[in-house]
Amino acid sequence: MSDDDVTYRTPSLEDGAEIWKMVDEAAALDDNSSYAYFMACRNFAATSVVAEVDGEIAGMVTAYPLPQDPTQLFVWQVGVRDKFQGKGIARGMLEHILNSEQCASVRWIETTIAPDNAASEALFSRIAEHFNTEIKETEVYEDEMWPEGEHKVERLFVIGPINRLNNEIHILREDNGYRICARLDGVEQPAFQPENPMFSTLDDALRAADLVRESHNAREVIIVENKDHV
């Protein structure tokens with residue numbers, strides 16, 4: 001099977017039941033109520049994906065940007081049916097999401113992985129290698145947090161910053177000072193969260209731009225007049 005045999009697309013509400021069945025079949029994934037997958041297909045479709053082979057759903061990824069910081073994408077579940085594993089579909093789905101317009105401002109990926117899930121750990125390590133960035137691990141949900149020990153300890157993996165080759169940091173000269181923003185493929189993105197502050201001097205703006213350039217993994221800082229920022 002080649003890459004041309006796999007179709008990646010946005011999940012629809014009608015996919016919810018089939019995704020639930022696929023998760024229920026998978027030993028490595030926690031099964032949730034079917035309602036949870038209908039909600040994922042309805043509310044987080046823009047940052048999730050299904051993979052199809054000959055009209056059959058071969059895999060899925062459910063993910064969403066963190067409400068408090070849309071530069072961070074939390075990947076909830078990644079699943080590939082047994083007969084389609086080993087063909088690069090999981091990596092292809094994640095790359096499809098990260099290369100989408102909806103994830104243009106994503107700089108970090110978060111996911112939780114159980115200690116015995118070596119396949120998921122290897123998958124996200126390959127994603128970090130693909131984007132030439134780091135992967136860090138911490139504990140997030142400890143055993144004692146779970147009622148009656150029903151769940152194994154989960155480790156939080158953070159990948160980033162994601163390398164965006166066409167990402168720049170712009171310093172805009174305005175009437176009341178200097179404003180900093182990120183520009184990805186010519187589209188303005190917030191450089192700071194929750195909003196971009198104003199700086200009274202160019203030196204202050206340059207220092208701040210240099211710091212934020214690293215967090216955005218941008219290639220350079222550019223000073224522009226606001227009228228030229230189109």
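Glu-95 is buried in this predicted model, with a relative accessibility of 17%. Because buried means under 20% relative accessible area, this value places Glu-95 in the buried class. The partner of Glu-95 is Arg-91, and the two side chains meet in a salt bridge with an N to O distance of 3.5 Å. Arg-91 is partly exposed, as its relative accessible area is 36%. Both residues belong to helix α3, where they lie four residues apart, so about one helical turn separates them.

Arg-81 is buried, with a relative accessible area of 9%, while Glu-18 is partly exposed at 28%.

What about Glu-134 and Lys-136? Their side chains also meet in a salt bridge, at 3.8 Å from N to O. In this pair, Lys-136 counts as exposed, with 55% relative accessibility, and Glu-134 counts as partly exposed, with 47%.

Salt bridges can also join into a network, as Arg-9, Asp-15 and Glu-52 show by being linked in this way. Altogether, the count for the model comes to twelve salt bridges.

Technical notes:
Residues numbered from 1 in each chain as written. Predicted model: local features only at pLDDT ≥ 70, side-chain atom pairs only at ≥ 80, totals over all residues. Heavy atoms only, no water. Salt bridge = Lys/Arg side-chain N within 4 Å of Asp/Glu carboxyl O. Buried < 20%, exposed > 50% of the residue type's maximum accessible area, 1.4 Å probe, protein only. Helix = DSSP H or I, 4+ residues; strand = E, 2+ residues; numbered from the N terminus.
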